[in-house]
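The exercises below are meant to be worked with the sequence and the model open side by side. Try each task before reading its solution.

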Amino acid sequence: MTFGSGAMTNSIAEIGEAQVILVSGSNTTETHPQIARRIYEGVDRGARLIVIDPRRTRLARHAHIHLQIRPGTDIPLLNGMMRCILDENLVDDLFVEMRTENFLALRDMLYRVDIAQCATLCGVDEEQLRLAARSYARAQRSVICYCLGVTQHVCGTANVRSYANLAMLTGHVEQEFTGVDPLRGQSNVQGACDMGALPGVLSGYQPVSDPSVRARFERAWRVELPTTPGLTVLDMTHGDGSSDDAGVRALYVMGENPALSDPDLGRVRATLAGLDFLVVADLFLTETARLADVVFPAASFAEKSGTITNSERRVQLMRQAIDPVGSSWPDHRIIIELSRRLGYAMNYQSPAEIMEEICMLTPIYGGMYHDRLDNGEGLQWPCPDRRHGSTQYLHKYSFTRGRGRFEPAGHVPPAEAAEEEFPYILVTGRVYHQYHTGTMTRRSDLANREYSRPLIEVHPDDARKLHLRSGLAARVVSRRGSCVFTVRVSERVAAGHLFATFHFAEAPVNLLTGSASDPVARCPEYKVCAVRIEREA
Amino acid sequence: MSDGTDDKPFTPANPTCIIATGGNPYLPRPAVVKRIVEENPTVRTLELALADEIDNAHFTYLPGQFLMLSLPHCGEAPFTFSSSPTRSGSFALTIRRAGLLTTAVHALQRGDTVCVRGPYGRPFPLEELAGSDLLFVAGGIGMAPLRSLLAYCLAHRSRYGTVTVLYGCRQPGEFCFQQELQQWRDDRAIHLLCTVDQGDPAWQGRVGLVTSLLDEIEVNPGRLKALVCGPGIMIRFVIGHLQELGLPAGSIITTLERQMKCGIGLCGHCHFDDKLICADGPVFLGSELPNLERL
Amino acid sequence: MHRTLILQKDHLLPLLRKLRKDNRVIAPVRNRFGDTFFTEIEDFDNAAIDLDQQPQTSLKSFFLPQSETLCRYVTGKHPESGALEYSFHAQVPVRTPTVYFGVRSCDLFAVMYTDLVFRRARERDIYYDRRRSDAVFISIGCARPFADCFCNATRSGPFLDMGFDLQLTDLGDRWFVQIGRPRGVRLIEEWPAFFTLASEADRKAQFQVELEARGLFRRHVHVDLAVKLLQEQPDHAAVFAELSRRCQDCGGCAYICPTCICFNIADLRLDEDGGERVRTWDACTFAGFTRMTGDCNPVDGETGRVRKRFLHKLLHDVQKHGRPSCVGCGRCVNMCFGGVDIIRCIEMLAAEGENGSGGRW
Amino acid sequence: MHDVLTVCCYCGCGCGLYLRVEGGRVVGAMPSRSHPVSRNNLCAKGWQSFAFIHHPDRLTRPLVRKKGRLHPVGWDEALDAAAQGLRRVREAHGPDRIGVLASAKCTNEENYLLQKFARAALGTNNIDHCARL
């Protein structure tokens with residue numbers, strides 16, 4: 001956003017070549033194994049690894065510096081680090097001068113920052129913070145990887161901007177092996193964003209509010225397009241369920257399971273149940289599909305062809321291995337048939353033909369024809385035309401938006417703090433053997449054997465205090481709801497924190513989480529939720 | 001007494017006779033539940049007979065061996081026989097409710113069909129036991145395999161010296177085979193000592209770990225063979241304690257439990273150092289188990 | 001059988017085409033993405049047999065598939081008594097005569113090891129046995145070992161003395177053919193026109209290739225030393241702790257290993273009335289591999305699991321079968337995420353142990 | 001058995017993997033050695049990515065709610081019911097009272113079509129997906 005596009009600036013392979021790797025809010029070994037593998041490789045080659053995470057993840061055990069911050073204190077940490085960089089003259093002046101704007105605002109803000117105060121606020125050692133700042137700034141090639149631990153906060157956007165500030169301040173952006181890399185959680189999150197499955201932009205991040213963009217799409221699609229940006233997921237799934245609610249009255253859901261994945265589930269389920277009409281296309285009868293009026297059986301990844309785009313912007317061809325199971329259909333066929341019935345005919349012979357239209361209307365995908373992608377490794381966007389090759393890293397000569405803009409940010413406390421009635425902070429996330437709402441992994445025998453029950457990680461000190469042992473049942477209660485987990489006593493979490501996953505329908509942790517979200521990105525604060533925990537009989 | 005009492009030595013027709021499966025060791029055969037005994041609220045004994053009468057007539061096993069038991073949609077798990085092969089026509093498994101499959105076991109009713117394959121594994125060394133004093137040390141559900149051997153030995157009572165049974169449970173309500181044990185004690189066939197980890201107001205007996213009972217009995221290292229079964233940690237402590245009392249490891253016999261998938265020494269789940277519990281065990285001599293801390 | 005023969009390179013494809021008439025022919029084939037797998041060849045004109053790269057997978061999946069249905073089961077209630085009914089019906093594979101061409105020594109040696117487990121156990125695994133029964137192996141002695149190979153150290157290559165039906169050695173324009181088991185003899189008898197007798201010069205040339213091959217290994221792996229050290233003292237806590245710190249718990253090393261044959265069996269419910277009993281590959285590095293009901297786990301902790309795997313390969317199989325079950329193919333080296341491979345393990349053990357010469361197992 | 005190169009369906013790394021197909025069923029998964037991301041490795045999920053494909057819980061027929069319960073129906077009936085339901089809401093409340101949730105687990109082509117469907121067929125920009133969840 002600060003650079004002008006939301007994607008990994010690097011390729012995955014580059015991470016292994018960096019000299020300093022800063023990983024924040026990412027349990028990389030479990031959620032992005034191949035990226036963790038490059039981090040291991042980098043560390044083996046002598047790279048310094050800095051991990052910023054409230055949990056002592058496996059990667060943190062390999063880190064040279066682990067800054068075990070309190071959840072939601074990324075900004076003060078980074079401000080402290082940047083102040084240190086400023087004080088010790090480690091700023092890349094040339095880069096700041098030539099390639100960025102608004103530096104003075106950042107500088108003025110940093111001059112008001114006290115490093116010791118920041119360290120205290122974050123709960124980390126001041127010297128470690130300084131050490132991290134120095135290593136990151138001094139190295140020639142430093143790379144930042146961050147994941148949902150950074151974005152799933154009420155200040156998610158400001159968090160991201162702060163990491164970008166850090167990278168720009170030290171000039172760690174425009175070259176190979178340096179950059180800021182958001183790790184995308186699902187196989188095609190990147191592609192779904194690229195394709196304009198967002199309320200404000202058409203494919204290739206072209207704003208719907210721009211008349212010239214609309215004009216181009218209107219010509220191609222031969223229809224008049226709505227002009228105002230639409231509602232986000234949270235707006236759609238957190239209505240109050242009444243008919244005069246400003247939210248939606250009908251929903252078409254393709255391969256998602258908001259009735260388990262979205263925050264403040266009680267409200268989500270009420271909203272879904274209150275809809276006039278709900279259509280779901282999925283592989284399984286998910287918690288959401290159970291509420292639907294019409295359910296379409298969709299084909300799995302093995303039963304269709306098409307492209308998906310990974311974290312490093314690599315557009316790759318998925319090839320059909322078998323016929324659709326039962327009488328399931330690929331989603332594109334369902335959409336085409338449904339659209340025709342709604343009076344808007346779509347006529348495509350194949351996914352390749354759909355891609356041809358995407359290429360025509362989407363500059364960053366301009367050369368992504370299926371025949372070119374059929375090479376075993378795909379192509380990384382931007383790829384404006386057929387002659388253009390893969391783009392290994394972004395912002396080589398300039399940022400997408402011209403100059404990179406410093407956006408100073410101050411600390412924003414999480415929406416909920418621990419207090420008397422809810423003295424613990426619950427962090428949610430994923431585990432290695434499960435994926436998202438578990439619709440697929442929980443039906444995979446071995447994956448499910450390895451992690452078969454909803455566990456809550458409790459620090460040994462807290463466990464002692466609460467008389468909890470591994471294997472006991474414990475009820476976790478927030479302002480919004482409660483669920484029962486099996487206790488796992490673990491030093492991976494800090495004292496005062498708890499960790500649970502959202503993979504399990506039998507303990508839907510999102511009954512607990514709140515829907516407070518970032519005002520810009522509308523990303524909910526999954527990472528901080530005040531709870532209490534008690535032994536369940 | 002529920003098991004046969006004739007005193008002539010029992011020799012199984014073919015101790016490794018396996019249920020006929022057309023050469024496919026993975027193919028389970030139906031068996032019918034003939035009788036169910038509720039031992040306590042979480043443990044029940046199933047008396048089973050193979051559905052095929054000819055198979056059933058030829059079915060033999062030895063104490064210490066186990067069967068793979070399947071229930072619909074629940075998969076398969078190993079269970080040791082708790083009955084004595086001296087009693088023909090049926091066999092018994094004693095099963096505690098713990099997971100998916102055992103919960104389904106507890107929903108079974110008389111007349112229901114389950115599927116089994118086996119018997120598998122190395123039985124107790126019956127020949128070596130003859131002529132010895134026997135000490136049975138059982139913890140909780142560990143009584144099940146020992147009961148098979150105990151019933152077998154009592155069916156041939158004259159071949160053994162004194163028979164002592166030490167039986168520990170966590171709570172008074174958890175003892176299995178109670179009537180039978182009392183009966184044997186009353187018949188002076190065995191010397192029985194019971195203990196619980198945690199008593200209740202009605203409990204008149206001992207409170208303490210089963211290892212504490214070892215101090216109450218006389219151990220004659222030259223004559224005694226000890227048969228130990230229970231949780232891994234209990235086995236470890238009992239073996240240690242018996243060795244302190246002078247019993248050589250080769251006179252201590254135990255049976256181990258592991259996750260098993262095949263039962264025939266292939267799947268690897270029950271690997272224990274260089275041994276496979278399913279094929280080399282589940283019965284082991286103490287001298288064969290160097291790594292007690294990993295029991 | 002001491003006869004040695006020559007097969008001209010030009011005659012190889014025609015021979016395979018003949019063999020294809022009565023057999024499946026499976027050979028390493030390079031696909032258009034550059035990956036080489038053992039693949040059934042149906043069209044010899046459009047299949048790129050690749051003898052230059054190590055096939056990515058061994059033959060394991062042909063005899064022990066990654067997943068297979070063992071039995072189907074049906075269940076229901078008796079219409080009158082209401083009693084539970086339940087029965088199993090086996091689904092055994094059909095025997096298919098198959099020629100495996102281009103098999104490397106290590107992979108063939110691995111088949112001999114898995115034979116030992118599956119066919120000589122107390123009960124023969126009928127599924128493995130059926131797939132394995134009608135196999136003919138035409139192996140290739142490795143004149144040039146691949147990057148991570150160390151079969152010289154595990155004594156499972158680069159050339160074998162036994163186990164093959166035919167073993168070929170590349171002599172430039174022709175293949176030197178050694179005849180092993182009876183099926184090899186039969187194959188020669190059936191297609192004599194393809195072969196000529198080898199000359200003394202051919203035999204010398206073959207000897208030279210074999211000799212040179214032994215000198216070409218880039219990896220020097222002290223397998224014997226590691227086995228000796230483990231026999232002396234199996235704990236090596238520091239080594240296994242360090243290895244397990246980097247284990248990603250993916251199971252890939254076991255899946256890719258030609259001699260890792262641990263499997264899981266699970267029931268898959270198809271509907272109320274029945275389902276399938278399915279066998280899949282499993283890995284001993286998973287916590288769930290040994291976890292029992294009630295969360296008791298005799299092999300607990302990542303260190304215990306990693307240790308178990310390497311001890312199985314390098315110590316327990318030596319105790320059981322007289323030799324380690326690693327065949328030196330090096331696949332786990334290239335595959336492992338964190339470098340928790342057998343070479344790393346052996347090197348760490350050796351580094352930790354004394355600098356003496358390696359003992360034999 | 002033949003192997004089909006495709007992309008793993010799980011995380012955003014995008015590993016190249018082969019699905020091993022035998023008799024119309026996917027029986028295994030194998031990493032691609034030459035693929036720049038997977039480079040001969042898969043994580044535990046990737047190795048098991050084939051396991052759910054033939055799971056008996058897969059939906060195999062469209063379902064339509066009748067008298068409160070979901071019933072299996074043919075495609076035509078389900079599509080008509082969906083179209084009718086969406087049209088009814090659009091007529092009663094306007095297109096902006098319909099929402100569409102796309103999927104980070106579906107292909108680019110499907111996501112593109114779905115946003116086109118929302119914008120061109122339904123007439124609303126209410127399209128989003130779970131990028132932030």
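**Exercise 1.** What covers the buried residues of α18(A)?

*Solution.* This is a predicted model, in which local features need pLDDT of at least 70, side-chain atom pairs count only at pLDDT 80 or more, and totals for chains, interfaces and linings use all residues. Residues are numbered from 1 along each chain as its sequence is written, while chains are lettered from A and ligands numbered from 1 in the order in which they are written.

Step 1. Find the buried residues: in α18(A) they are A:P351, A:I354, A:M355, A:I358, A:C359 and A:L361. A residue is buried if 20 or more other C-beta atoms, placed from the backbone, lie within 10 Å of its own. Helices (H or I, at least four residues) and strands (E, at least two) are DSSP runs, numbered from the N terminus.

Step 2. List the cover: from chain A it includes α13 (211-221), β12 (306-309), α17 (331-341) and α19 (370-373), and from chain D it includes α3. Contact here is defined by C-beta atoms, placed from the backbone, that lie within 7 Å.

**Exercise 2.** Describe how α18(A) packs on α3(D).

*Solution.* Step 1. Helix α18 (residues 351-361) of chain A meets helix α3 (residues 108-122) of chain D at an angle of about 65 degrees, and their axes are 9 Å apart. Axes are lines fitted to C-alpha atoms, for helices over the stretch in contact, and angles run from 0 to 180 degrees between N-to-C directions.

Step 2. The residues that make the contact are A:P351, A:I354, A:M355 and A:I358 on one helix, and D:N108, D:E109, D:Y112 and D:L113 on the other.

**Exercise 3.** How many residues of chain D are in contact with chain A, and which element of chain D gives the largest share?

*Solution.* Step 1. On the chain D side there are 89 residues, in contact with 116 residues of chain A.

Step 2. The largest share of the chain D side, 13 residues, comes from α3(D).

**Exercise 4.** Which strands of chains A and D are joined by 4 bridges?

*Solution.* Step 1. Strand β9 (residues 250-254) of chain A and strand β6 (residues 98-101) of chain D run parallel and are joined by 4 bridges. Strands pair if DSSP finds at least two bridges between them.

Step 2. Opposite A:Y252 stands D:V100 in β6(D).

**Exercise 5.** Where do the domains of chain B lie in its numbering?

*Solution.* Step 1. Domain 1 of chain B spans 29-119 and domain 2 spans 126-294, with bounds from an automatic or database domain assignment.

Step 2. The C-alpha centres of these two domains of chain B lie 21 Å apart.

Note on methods: Contact = placed C-beta atoms within 7 Å. Buried ≥ 20, exposed ≤ 12 C-beta atoms within 10 Å, placed from the backbone.
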